[in-house]
Amino acid sequence: MTSSLVGSEMCIRDSRILDALKKHSVKVITNMGAANPYHAALKCQEMAQSKGLTNLKIAYVEGDDISSRLDDYQEYVTIETKKPLSAINGDVLSANGYIGCVGIVEALKNGADIVITGRVADPSLSLGPLVYEFGWSMDDYEKLGKGTWVGHLLECAGQVTGLSLIHISEPTR
């Protein structure tokens, strides 16, 4: 897959979201940008225009790619190999860290209809809109904690409700 396509696969698979945006005035916040939120946003814009949605403001959030900082971490031991990063034989293809909700909040404050992120902490997809919509301060830790809790429950609903323990291929009794 070429770098210009990385991150656009989810946008292509979920293009029916764009159909819903034609009927309803809602915001869409997603981490479908994968390793390339910029190109995912471009692809999403192209798809929106092909559906007649020319007034959408599509934002992308970067900051998760730490590839340029790998030299700072060469002596850190990796979880997978229990050896320093410098001992990896071959090229590192990507290095991404989870970021928080600040970029999502900023995009919403700037009027984005669709916000596409790369690697973002799971609760941030819910916490960002909460902070934006209710005007929460980024140092109101009680509200941020509750919002993070809600975001985590929403993201992990299947595990919270026991869905991860069900073997879907087995008949129910």
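Guide: Buried means under 20% relative accessible area. Keep that cut-off in mind for this predicted model.

Visitor: What makes Trp136 buried?
Guide: Trp136 has a relative accessible area of 19%. The cut-off is under 20%, so Trp136 counts as buried.

Visitor: Why does Phe134 count as exposed?
Guide: Phe134 has 56% relative accessibility. Exposed means over 50%, so Phe134 qualifies.

Visitor: How many aromatic pairs does the structure hold?
Guide: It holds three aromatic pairs. One of them joins Tyr38 and Tyr60.

Visitor: Why is the pair of Tyr38 and Tyr60 called edge-to-face?
Guide: The planes of Tyr38 and Tyr60 stand at 70°.

Visitor: What does the pair tie together?
Guide: Tyr38 lies in helix H3 and Tyr60 in strand S2, so the pair links parts 22 residues apart in sequence.

Visitor: Why is Tyr60 called partly exposed?
Guide: Tyr60 has a relative accessible area of 37%.

Visitor: What makes Phe134 and Trp136 a stacked pair?
Guide: Their planes are 25° apart. Stacked means under 30 degrees, so this pair is stacked. The centres of Phe134 and Trp136 lie 6.2 Å apart, and the limit is within 6.5 Å.

Visitor: How do you know that S2 and S3 pair?
Guide: S2 and S3 share four bridges, in the parallel sense. Pairing needs at least two, so these strands pair.

Methods: Residues are numbered from 1 along each chain as its sequence is written. This is a predicted model: local features need pLDDT of at least 70, side-chain atom pairs count only at pLDDT 80 or more; totals for chains, interfaces and linings use all residues. Side-chain values use heavy atoms; hydrogens and water are left out. Rings of Phe, Tyr and Trp (its six-membered ring) pair if their centres lie within 6.5 Å; planes under 30 degrees apart count as stacked, over 60 as edge-to-face and the rest as tilted. Buried means under 20% relative accessible area, exposed over 50%, partly exposed in between (1.4 Å probe, protein chains only).
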